[in-house]
Amino acid sequence: MSSADRELRAAARHFGRRRFLTLTAAAAALAFSTNVPAAGAAGTGEPTTSKIADNPFTLGVASGDPLPDSVVLWTRLAPSPYEPGGGMGALAAAVLWEVALDERFVTVVRSGAGTAFPEYNHTVHIEVDGLDPDHEYYYRFRTGTWISETGRTRTAPARTSAPSTLTFAAVSCQAFHDGYFTAHRHLAQDDVDVVFHVGDYLYEYAVNSAGGARGYPSGTVPGVFNRETVSLEDYRLRYALYKSDPDLRAVHAAHPFVVTWDDHETENNYAGAVDEHGSPPEEFLLRRAAAYRAYWENQPLRSAQMPVGPDLRLYRRLHWGTLAQFDVLDTRQYRSDQAYGDTQHVPGPESDDPARTMTGAAQEKWLLDGWDASTAVWNVMPQQVCFSQRKLDLNAQALMSMDAWDGYRASRGRILAGAKSAGVENLMVLTGDVHVGYAFDIKDVFDDPASTTLGTEIVATSVASGRNGAEKPANWDTYMKANPHLKFYNGRRGYARVELGQREARADFRTVSAVTTPGAPITTAGSFVVEAGEPGLKPA
């Protein structure tokens, strides 16, 4: 057990249930308080590199959250990534970084030094400023004689500029134990500007020695992964397993990412302070604190997203000139508990209680205020679970998912009312979670096919979760008949690629035939366009 895990458990014993619920953040922050570097320590002191005998860049590099003049660079030092501490022990290591205009680093435009602290599991987050807008850059790290692989990133256009196009990908749900990350290998070779990961970057479930459906020779995956993630060390090790995957490393090196989580980065279908097992909140919030800290450590996120105990403000806003505004949501941390015991259920008084929320009041206000002030052609909302109504059967009163926005219809209604009030003409919602690709028209009244179309929802299928899937799942006919606003449904693995232009948007659903064996080819299963100012999906 790591020192941080011992401190968390000690904090849990110290605070009673009632008091903990009023001092949640303080308790978990206290639990971590002795396990962070001193204020102002980052990049200072006398770190060393002389003791790193083996390649420490086993988990690759990444970049994220591009601004017009800035981007975040990430790496982690881990010569032995499957061991606690990654083989670095208590060593604080100096890490040099460079940003150049070319892959050979002939023209270096920014450089500096940071420190990989053991308290942050030797992860490094560099917020590079002073870059030119709308530029492609190359970056790398060095510690001692070791040099990382080269990553490619880019900055966003200037806020007042009017870019003609933006191409991005949406990905989700990459269960290591369900198959290979073949979709990521293809995406690494695709020509996109940025990748949005909308959740389930990792799964908390045990991974056996054969890597589950990957079918490695028995004993390939160390036994430390054959258990559910609960402690900080568990989550840190699980990120090491995932980030050692060559296809995930390739896509991170190729494109900047904008990440947000769903449930499995912490625990299946949790809602705020409530886990799926009904554990005491003071216990689950400590687990959440561990999961959130490991998430921040292992993603290309800025210091503004650094967690405080079990709290991490992940929702944030990015711009691509005046072409697109991205309002990245968090629909897990602040939501009300799922109605009707989180079973498939006909909506009723419990699920439709107007006091229930998917986003929390503060995030909802932030979103609607952002739309009020938006001057973008496209307002894109990357988030986690199905936003559009999705009936699961053909009954007059159909079952729906209580984990999705169908279980929070009043909350969804407020969001759509805010979009209408703000005059948002080109609303696009990006979704993951369900391990299939969907294309929805977002309707003003979902039960009335003739009602106004307010926007488009693009649901990115999973990278691996659900194993190979099928082009037409068994419920394909039912879902298409029950939901006239559902224009596309495909159950293969892959990703969604979207090109935004001044006059129209195009969405391509890219799928692979298998993930339980490596190397499957990729095809386009469906393509749609939406004209600016005229919401509604049309086959391309």
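Predicted model: local features only at pLDDT ≥ 70, side-chain atom pairs only at ≥ 80, totals over all residues.
**Helix 8 and helix 9**

Two packed helices are described by the angle between their axes and the distance between the axes. The axes of helix 8, which spans residues 361–373, and helix 9, which spans residues 409–422, come within 8 Å of each other and cross at roughly 20°. Because angles under 35 degrees count as roughly parallel, helix 8 is roughly parallel to helix 9. The crossing of helix 8 and helix 9 is right-handed. On the side of helix 8, the contact is made by E364, L367, L368, W371 and D372, which meet S411, R414, I415, G418, A419 and A422 of helix 9. Sorted by class, this contact of helix 8 with helix 9 holds six nonpolar, two polar and three charged residues.

**Residues with positive phi**

Most residues other than glycine have a negative phi. D65, although not a glycine, has a positive phi of about 45°, and its place is in strand 1, residues 61–67. F105 likewise is not a glycine and has a positive phi, here of about 60°, but F105 is found in the loop between strand 3 (93–100) and strand 4 (108–116). Since buried means under 20% relative accessible area, D65 counts as buried at 3%, and F105 is buried at 8%.

**Aromatic pairs**

A pair of aromatic rings is described by the distance of the centres and the angle of the planes.

Y315 counts as buried at 8% relative accessibility, whereas Y334, with a relative accessible area of 27%, is partly exposed.

The place of W261 is in the loop between strand 11 (257–259) and helix 7, where W261 is buried with a relative accessible area of 1%. Leaving aside residues up to four places away in sequence, W261 touches V198, G199, Y270, Y292, Y295, L312, L314, D330, R332, Q333 and Q384. W261 and S527 are 266 residues apart in sequence, and their C-alpha atoms are 27 Å apart in space.

H319, for its part, has its place in strand 12 and is buried, with a relative accessible area of 17%. With residues up to four places away in sequence again not counted, H319 touches A156, R159, A324 and Q325.

Conventions
Residues numbered from 1 in each chain as written. Heavy atoms only, no water. Axes fitted to C-alpha atoms, helices over the stretch in contact; angles between N-to-C directions. Helix = DSSP H or I, 4+ residues; strand = E, 2+ residues; numbered from the N terminus. Parallel < 35°, antiparallel > 145°, perpendicular 65-115°, else oblique. Left-handed = near helix turned anticlockwise from the far one by under 90°. Contact = heavy atoms within 4.5 Å. Nonpolar A, V, L, I, M, F, W, Y, C, P; charged D, E, K, R; others polar. Buried < 20%, exposed > 50% of the residue type's maximum accessible area, 1.4 Å probe, protein only.
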